[in-house]
Every structure is written in structure tokens, then in C-alpha cells.
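Here is the note on this structure, written for someone who is meeting it for the first time. Please keep the sequence and the view open while going through the points.

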2 protein chains.
Amino acid sequence: MLKISKKTDYALMALQHIASVQFGDTTPGRVVNTKEIAEEYNIPLELLAKVLQALSKSGMIESHNGPKGGYLLARSAGKITIAQILESIEGPLGITDCSHEKEGEFCMQREHCNIRTPLLKVQDSIYQLLNNMTLQDMLGGTPLITIQSPTAQGVER
Amino acid sequence: MLKISKKTDYALMALQHIASVQFGDTTPGRVVNTKEIAEEYNIPLELLAKVLQALSKSGMIESHNGPKGGYLLARSAGKITIAQILESIEGPLGITDCSHEKEGEFCMQREHCNIRTPLLKVQDSIYQLLNNMTLQDMLGGTPLITIQSPTAQGVER
DNA sequence: TTGATCGGAGATCATTATAGTCTCCGACTG
DNA sequence: CAGTCGGAGACTATAATGATCTCCGATCAA
């Protein structure tokens, strides 16, 4: 069902938190440590630690060791896209197994596969979608959204 | 990494096959049985059987029992969207756990969750993407996909 | 300089989702 | 009425995920 992992959820929450602290009015520029985020959002501390380490490795946030250490955004929230966050945690986006097939790898269906090309197009569209939305877009409070129920929506167009 | 399941892959291949047989030039209107598809695309027979049964249950294809039995599209390929196929196999589309939360279910982060609304927005965009592409689009060659960015376009329409 | 506080990293375990298999049933056609 | 088809359930194996534990090195401040 195209679900993103809990780890990615945590990454998004953490980054949102870090960004709002960093650019907020109260304590701008403050570093945020793992424990603070874990407690605020009820995230298992050590799991969140791994997530933040991954984000740090991918250059999205900067880490500072020692007492009073923690994390800072490495670049502005507007330059961190959802796609980048997702890929930092889960690896390259691919809706199908053959999306990133290396030479020598073949799926059993490849020979007569009739859906590869259209699926890659779908994937590309999803990627563009995620790459056009940034962390900045997630900051601005509560956007009013009408949630569309997939089942409630008809077929006719 | 937002991957769709093998079963969904199989569903797409099977439907594509059924559709092209049904609307093809050689034997239009012919029913297609499970074995034929399984052999053509190297899909485990019994797994494919389950997939086709699911598609049948959801009213996407019609089944015909007995010798010379098999499957037929229940409606035109243009009225079968990728989203519908996906949901027939994997259940309601939801990129996050809380997408279809029932009363009484709560995630540990819900209380202070800061990403729920934007994520639902992303989900809605992906849904629209998948619901705007039909089986028909997968038949010809190059499907026309309208890319909708959540930030650029928003949900309100 | 030393101890408490922080992140970095690896191994490990439990749980769940997925992929695939096996068996039996009932419907239909010729 | 026999062989061919789909329908349905239980079942197993494997992989992905979520979570935990342990130890390490860096840093800062008393």
C-alpha cells in the first residue's frame, strides 16, 4: 500500500522539530539533541538515534558531539526535499524491483514484461511530487485539507 | 522505498494481458485462463490465481468456471485505474499508519504529531496520480501522466 | 584532567509482511 | 460424468521492519 516506514516518519518529525526550533522565535539557532525529540514525540530513543545518524551521514543535518551537543540543519529547510529525506532513510525510491536493476540482475518476468515502462513513468511522477515538496512546506502550521477517501471517489471522470 | 508488492505487479501484468487479448486484433473477446498468464510471464501459478481471485472479487474482472473458462475484463480498460488495481490487492492506499485510523486507534506520536497533515496531503497527491492513470494508458505505449505537486497546486479544487 | 553528556556504530532479537505452496472444493462444459 | 477450470483456506519460508543492547570516541565544563 505504498507505505513509508516508521523510521522515515521519525525522520520527518525530527527534522520538522529541528527546523522549527532553529528558525523559531524563542531560541533560534539552538542545537537539538536526540533525547529531546524522542521524549517530545514518543519515539524510541535508540531508534531515533539511528535515524538521525543516517540523516547526518547524508549531509542533511550537522552533528555536534559532547555535552550541549545535538543536531542542526545543514542547509535551509527550503532546500531539503521530502524525496531526499525519504531516500536518506530507505534508499533510492523504487516502486518496483526492477527500478534500479544492476547489470546481471533480471527478474523472472523481464523477458515479456509489459508493465515496466509505464511503471517507471509512474515512479518518476511520484518522485517529482516528493522532490517538489520541501521541509519548509511542512512547517507552516495546519494547511486546510480536504481529505479524499480513495474508496469514496468514483471511477468516472 | 514506497515499493508496490509482487502481487500487485502480477495483477498489473495479468490485467494488461487480458486487456490486450480482449481488445486485440487476433482473438477479440477471448477469455484468458490463469495458466496462460502464469506461463507467459513466469508467475507462480497458484499465487497468480489468488491475485486474479482478488481482482474478481473487487469486480474488476469477470470469472467463468469450467473448461474453456477464464477471465474477462468487467469494464473497459479506460475505466480501470491503477489506484483501483492497487487497492484491490493491497487494500486502501496509505503512506502512513494513521491514514485510515479507526476510532480507538492511536499512534504514540499522535498527540504532538507535526507531520500528519502534510503527509496526508502528499498521500492525496499520489492517489490522484494513480487514479488518473488507467489500464488503457498502459496498453498503448506512452501513458500521459499529469504531475501534480502538492506544494505548487495544493488539494483545494 | 576527569567525569558526565553527547553522538557513532555494531550486533542482536522480535514482530510483521510478503511470497510462495499445498490441499480440497464446487462449478461448468463437452 | 470426467476433465478442466476457478474459489478458498491453511500453511510455510523468507525478508523487511521495528526495536533493543552494548561499547566506543568526542567534547565540554567543573
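Predicted model: local features only at pLDDT ≥ 70, side-chain atom pairs only at ≥ 80, totals over all residues.

1. Of the 157 residues in chain A, 31% are buried. Among the contacts in chain A that join residues at least 6 apart in sequence, 64% link residues that are at least 24 apart.

2. The largest nonpolar core contains 80 residues, and within this core A:A14 and B:A14 are the residues with the most contacts. For a reader who wishes to look at one of them, A:A14 is in contact with A:I37, A:L48, A:V51 and A:L52, once its neighbours within four places in sequence are left aside.

3. How many residues does each chain bring to the contact between chains A and B? Chain B gives 54 residues and chain A gives 47 residues. On the side of chain B that touches chain A, at least two residues each are supplied by α1 (6–22), α2 (34–41), α4 (82–90), α5 (116–131), α6 (135–139) and α7 (150–153) of chain B. The largest share of that side, eleven residues, is contributed by α5(B), and by class the side is made up of 28 nonpolar, 16 polar and ten charged residues.

4. Chain B can be superposed on chain A by a rotation of 180° with 0.0 Å of shift along its axis, and the RMSD is 0.1 Å. The two copies are therefore related as by a two-fold rotation axis. The same surface serves both copies, since 78% of the contact residues of chain B recur in chain A.

5. DNA strand D is surrounded by 24 residues, of which the closest are A:S5, A:K6, A:P44, A:G66 and B:N33. Two or more residues of the surface near DNA strand D come from each of α1 (6–22) and α3 (45–57) in chain A, and likewise from α3 (45–57) and β2 (70–73) in chain B. With four residues, α3(B) has the largest share of this surface.

6. Sorted by class, the surface near DNA strand D has twelve polar residues, six nonpolar residues and six charged residues.

How values were computed. Residues numbered from 1 in each chain as written. Chains lettered and ligands numbered in written order. Near = placed C-beta within 6 Å. Nonpolar A, V, L, I, M, F, W, Y, C, P; charged D, E, K, R; others polar. Core = buried A, V, L, I, M, F, W, Y, C linked by C-beta atoms within 7 Å. Buried ≥ 20, exposed ≤ 12 C-beta atoms within 10 Å, placed from the backbone. Contact = placed C-beta atoms within 7 Å. Least-squares fit on C-alpha atoms with pLDDT ≥ 70 in both.
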